[in-house]
Amino acid sequence: MEVNIKKRSRVPGVMITQFVEEVPAGMSTPDFTRKPIALTIQEGKLGIFKAVVTGIPEPTVTWVRKSGELDEDNYRMVRDASSGEYQLQIPDISGDHADTYKCFATNEYGKAIVTAALNVIEAIRETPEDLRKALKNKVDNEPKAEVKRVVDDRFWELLMSADKKNYEKICREYGVTDFRWMLKKLNEKKLEREHEQEKVVERLCNLKPIEMKANGEAEFELEMSLRDAASRIFLFKDGVMVPFDVETEDKHALRQVGKRFVFSINGVSQEDAGLYQVEVDGVKIFSTDLKVPSVDFLVKIQDVKAEEREDAVFQCVVSQPIKKMNWKGKNISLEQGDKYDITVSEDMLIHTLVVKDCLVFDKGIYAADIGLKSCSAWLIVEADNDPNSRGKKKARKTTRAGGGGEEVLKIAEEQQAKLQKERGELIAKKKKRVRAGPLVPDTVIDPGVYFTSGLSDISAIIDTEAELVCRLSSEDCEGVWYKDGREVTATEEMCFVNDGTYRKLVLKNCKEEDAGKYRYEADGRKTEAMLVVEDPPRLNQDDLAHFMKPVVVKTGKDAAFKLTFVGRKPLKIQWYNEDEELLEDPHLRIEKSGSHSRLLLLKCNRKTRGEIKMKIKNEFGTAEAITQLIVLAYPGPPTGLKVISAFKDCINLAWSAPSNTGRTNILGYNVEKRKNGSNLWGPVNPPEEPIKEKKYAVKDVVEGIEYEFRVSAINISGAGEPSAPSEFVVARDPKKPPGKVTDLKVTDSTYTTLSLSWTKPKEKEGVQDEAKGYFVELRTADNPEWGRCNSSAIIVNSFTIMGLKSMAMYWVRVVATNEGGDSEPQELDNHIIAMPPPVRPHFTDKKIKNFVVTRTGNSVRLNYNFKGSPKPTITWLKDGLPVPKHVTVSNSDTSSQLMIASSERQDTGIYTLILKNMVGQVTSSVEIRVTDDPKPPGPVELEENVSGTITIAWTASPDEKKDDRLHYTISKRDSVKRTWQTVADHLFNNKFTAVNIMPGRQYKFRVYAKNDMGTSKPSESPTWEVKREKESFSLNLPDSKDCRFDAPPAFSVPLKMHNAPESYECYMSCAVTGNPKPYITWYRNNVSLNTNANYYITNTCGVCSMAILKVGPRDHGDYTVVAENSLGRVECSTKLVVKESVAGS
């Protein structure tokens, strides 16, 4: 049953409806992790709604608009497989596209709905020259009707925070041509905004619009004094609040220095473009529009084929600097860590993903995503199929697969040069702007010397060289370097370099005290950056080269590993074996100090072998060193030990080498023997003389004794585990094969099995020896090849063959065997058919129906169970002919079913089931009658042909022709007895004569139609009456005297006492006589009740009664009946006791 349960989404504006009462474990209803936002776009541009959904199973996403349909010509619905993003793309937007759009995400457990509006701005139709003319202050000669202008709110928000020099650009973008009207309206809005801002801000100045930085960040800033230091500051993007952190490097950050507020957006991508607004306690303070240059892939990532435990490298080059790119592996976002290494070049054009230590399950599709653009490639990991390393963890490789190499570097350098050229042209263009019709007079101001490239924050490792570089617009300018606000001078460790327009500060050997903030000032301008001196862990290279050589030890011996290092403390030192961290225990020692660490493994075994890794970590980084530990273990047991041949003075053995050699060569083998019944194993060869080959002839045996053998392998560590014992073998010369078995016969059979028995062959000395086992062989009649039914010899004289094909023909034979070989086969005289012993078919049901009645439209089902061998053929007939096609017959080996899904009258008939096999046959018949409730007969007519009788005739029922078992029943009623009596039944004609008709009585007759299903409604005759002729009768009566019957009232039956339970009915009555008729009055406690509607009072023929329909406590009391007429008055009283009802009764 489907339900509609409303749920709340974590994302505001999303409505979720759940279709089921309870969602199964592991499943979920759809939801939006990213919903489409409202768009305001100029005509002719591309509009894109984006959404990301979740849900298990994966939801189906559809888009609709409030008015109109989404046709393929104007809309494109696409899905980005790499990011899982669904998009509704609207190319070449026009005014007709403005509407409210809905996005649906649906699966079998529910649906999620979200709406987003599309606002369309009218495009600019004029040429640039026309626009400049339109922006001039002019007055038309002819007055025009006032036109209501509708302008996007973003337009006014940008103007109120923009510099006047940018007004023209913003007007052109939003299609506003009336400059005078714009200035008037802007002043009005500014006054309103300033009035609102005065409530929360004392002073607001130095508004700097958002701009992109060379490091891929975007910043905008403002200076303001808050009236309340506790006021809350909010940041919005396109009307949606954006969370930000203070003094952090998260996506959106706020840095406050005094009254100066700097908002930054780190790692800008295409998705960050939009209108940003700052609000204080709900009041809009500043608005700025971020436009992100279009970014594309110059070099896309390529497919990488890597070997197992090798690193894989994906590289791409983008057209614009990007600080951070979204990398995905198999649709999962990847982060920097032990498994993945994500790096960006200094110019932020080359982005690299390294998948470290590739394993087979790392294969799949990896993607690089920069917003609207993405690229993907396959990682193929080739498994190591070396049989010697199967089941063991392979050593990590130091090689790398993939990467773009020199070509990627070359393309990135060319793009960097192109971008620098474009920036230079843009700067030169800003120095001198040429206008055809300027709004304000051109003013050329010499900007002096300025920085074309400022200092950037850098990190340097201690005791290495660090370089701070900036670039001026002129070579002929000197500047001053500062560190932490103090001027610095050149020393042996610090030097200043002037290289053309470049200014460099070089620290040759960085120390911790060199860290700080450096500033360079020139011509009144300055740039600054931070130098961080890091002291990460660093390993001693000589120790590292020695450490990386594999360590080989024998099982039970100790293994030691040691490394020295330097780095800022505290240092975290960890040791790993096969990526599992090692902790101290009785078999493991770890020594740690500030300059070295030592790992000691005591009594090594095979489990401790493999990769040994030391990991050192501090606040600046991590260092790792990897080596291999090889433990030479004892070899495993040899396999396949078997007896090749046996004689009375020699037994020949052979075996195979062990699969596990203990990681070294096998030096030889030791063979041991044991007598049957003994628990002691004895050596066959001297321990100091191991057997070199994988076979051996054991000659130290006694004729007639039964032996078993085992063998163990020897390597440099010693002898390993012995093999499993061989089968027992008797030291004697080979035997003679046995003779044929006798009395081979079949003891039982079914459709899939066959049971055999036979007699053991006799021994004949020197001719045939005793049989030690038997093989049963089988072949089908059409196959000349024999196959054995048992893989090993059986010792009993009987066997059951399984899995035969029903009714198939087989040939069977039995072969006796012993150590000397197999006997001649003994076959059965005739072929065998896979079937039970022949049995005549017979029904196993205790009761078998022979007549079935059903209503039209109902189903009919007949089931018969039977037995027979071989399986009988089953035939169903209807009235001697095959059953119709709509009748379904289902058969099995022991039952048969006939079913009519919806029966009709034409299905009536005799159905016969015939079972037949090679032994005989049996049949069973059943009559099925399909009928319905009969329709009533037609009009009934009555006729008197003979006095005292009536002939009843009626029109036949419409069902009479359809149902040969339909008959009629006649009932009679006269005016004296007034009950209906059956006078005739089972009439198959339409006429009947009723006798014993009495004159003077009225008669009626009813005719019913009956069949096997029931009785119809009656057809009723008219009333029949034979009038009786009466003789006249006269009576002479004598004159009578007048008699008076007047009498006073009297109670012939008085009232009785009453005990009535509460809420029950109470009925009181009495009988009163008197003439004239007395007037009756009822009283309760001397109060008249005649007009009380709660009491039902009647007086019929002198019987006076009163009924209380629902007795209550207030009805308790004395009741009196008063009867009075002109001759007197009489009373009768009684008492009513009301019993309380019992709780729960």
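Colleague: Which residue in the turn between S74 and S75 has a positive phi?

Modeller: This is a predicted model. S74 covers residues 940–943, and S75 covers residues 950–954. The two strands form a hairpin with 6 residues between them. In that turn, a positive phi of about 85 degrees belongs to Gly-948.

Colleague: What is the bridge partner of Val-940 in S75?

Modeller: S74 and S75 run antiparallel and share 4 bridges. Val-940 is bridged to a residue of S75, and that partner is Trp-954.

Colleague: Which residue of S78 is the bridge partner of Ile-950?

Modeller: S75 also pairs with strand S78, residues 991–994. The sense is antiparallel, over 4 bridges. Ile-950 has its bridge partner in S78: Ala-994.

Colleague: Why is strand S75 largely enclosed by the rest of the structure?

Modeller: Buried here means under 20% relative accessible area. S75 has 5 residues, and it is largely enclosed because the number of them that are buried is 4.

Colleague: Which are the edge strands of the open sheet of 5 strands?

Modeller: The order is S83-S90-S89-S85-S86, with mixed pairing. An edge strand here pairs on one side only.

Methods:
Residues are numbered from 1 along each chain as its sequence is written. This is a predicted model: local features need pLDDT of at least 70, side-chain atom pairs count only at pLDDT 80 or more; totals for chains, interfaces and linings use all residues. Side-chain values use heavy atoms; hydrogens and water are left out. Two strands pair if DSSP finds at least two bridges between them. Buried means under 20% relative accessible area, exposed over 50%, partly exposed in between (1.4 Å probe, protein chains only).
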